[in-house]
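Here is a note to read beside the structure, written as numbered points. Please keep the model open and find each residue as you come to it.

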Amino acid sequence: MQRSATFTFIVLPILFMILVMAGLAIWMAVSGSKPPVVIEVETDEEPPTLYVEGEGTLRGTIVRADGSPNTSEVQLSYRATRKEENSSHSSSGHVGEVVGEFDAKVFSGETWLIATGDGFAPSWIGPIENHADGVVEDLKIVLSEGSPLDIALKDPAGNPVTAGNVTGFPIVGRNAGGSHYPTKEVEPGVYRIEHAAAATYRIFAEAPGFQPLDEEVAAASMRGRVEFTLVPGDPTTGTVIDVDGKPVADAAILLNLKSYSVSGSRGSRGWSEKEIGRTDDEGRFELRILEPGALYYGIIEAPDKRRTVFSEMQAGETGLVYEMPPMRSLLGTIRGDHSVLGERYDRELKKRMPYVKIDQRYSMKVDGGTHGELHYDYVPVEITEETGHFECPGIFTDRVTIYLGPYRVQLDESDLEGTGDLRLDYNLDTNEHEVTPVDTESTEETKAPE
């Protein structure tokens, strides 16, 4: 009997597969085996691009929104994240002032280029695969004017909050940080970013008597106006005294770091000695701008430059007491060729002066580790009869570095023993120096001439 093609090529194979599967099922039932399970996991995530340390070259042009060449100066900066086998490194910096074209050496990594200028919203391109010793050309940054963003601050009763400090920045790429752009108060309680980009902005607002505000605003250039209600701050109070227990009036409380570790997270934000309050005639202070759930770190500086460190200050704490150490000054005598010293304009003396730079590094315990901070002073040098003199009051740490033009002196622990003044004698011609303690009785005689 002749079989049809359908029976031969379709029915028979199906019957064969049924017999095979039935046999497999019987075998697994007898043996107790389970069929293998194959799970396929699909992912769109690509492995990270790895970079080696170094610099790459980025070249391109800056144009206006209509495609015409840019003719005004803008500031060009960058942010880069370099992923290596077992680590990640981030860097940011200022490339320079450019107009129409740029040719920049930038640290390697996934890179973003950001252009800012008067009359324009921040504009950027990225991510750019910027490899060490590589060249990326034909990049183009398009400048846009953006649109105004008004930020209205109110108290819980709906009244405008004036005298606030409001800043913001666009979130570029994966970086949550950026340069803070100031606002201007265009009407009571309303603060304007004149040229906002079409991006998410992170807005910070501070005002006396209120907790700080930290909010994100999406599509900032299209919002026009946003409103926020500020929460009154819990008072943090304390007193600053000297070693004799007397109050220190007009002492500035200068903030360096805010850490969120107390609230369970480990984020932080830093400043460079931002003033957040001062003591009254009785040495007392009251702060109402601290955020609950955060720890604050910084220094307290008296009008005569005595300084002490504060750590883990919290909103709502009362009765804090900080004691200023005795005044300690560094008195310098510089001989030799003073032309190697740099010059700066001194605002108090109202003229350009040779100077020395004095760095003081101090440490604080933050999140179980040590966090280093830097206080620095630019100190003018008075030159009389071919000898330079300077005085730097307020030495308060155990690590002090003095920069004298191309030279530097690192004071070690033996130099900094005790609590009295120190004298530094330096010869610029021989690069030799000597550090000696100064007797209290003779301190006045060694100070720089008036």
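1. Asn165 stands opposite Glu206 in β13, and this facing pair belongs to the antiparallel pairing of strand β9 (residues 165-170) with strand β13 (residues 201-206), which runs over 6 bridges. Strands here are DSSP runs of E with at least two residues, numbered from the N terminus, and two of them pair if DSSP finds at least two bridges between them. The model is a predicted one, in which local features need pLDDT of at least 70 and side-chain atom pairs count only at pLDDT 80 or more, while totals for chains, interfaces and linings use all residues. Residues are numbered from 1 along each chain as its sequence is written, and side-chain values use heavy atoms, with hydrogens and water left out.

2. Which side chain meets that of Lys154 in a salt bridge? The partner is Glu227, at 3.4 Å from N to O, where a salt bridge is a side-chain nitrogen of Lys or Arg within 4 Å of a carboxyl oxygen of Asp or Glu. The pair links distant parts of the chain, since Lys154 lies in strand β8 (residues 147-154) and Glu227 in strand β15 (residues 225-229), 73 residues apart. By this rule the count comes to 20 salt bridges.

3. Lys154 counts as partly exposed because its relative accessibility is 26%, and Glu227 is also partly exposed, at 46%; the term covers values between buried (under 20% relative accessible area) and exposed (over 50%), with a 1.4 Å probe and protein chains only.

4. Asp398, Asp412, Glu413 and Glu417 form a negative surface patch, a patch being made of residues with over 30% relative accessible area and no salt bridge, with like charges joined within 9 Å and nonpolar side chains within 5 Å. Glu413 is found in the loop between β30 (407-411) and β31 (422-427), and it counts as exposed because its relative accessibility is 64%.

How values were computed: Areas by Shrake-Rupley, 256 points an atom, 1.4 Å probe, with all protein chains shown as cover. Lys, Arg positive; Asp, Glu negative; His and termini not counted. Charge placed at Lys NZ, Arg CZ, Asp CG, Glu CD. Helix = DSSP H or I, 4+ residues; strand = E, 2+ residues; numbered from the N terminus.
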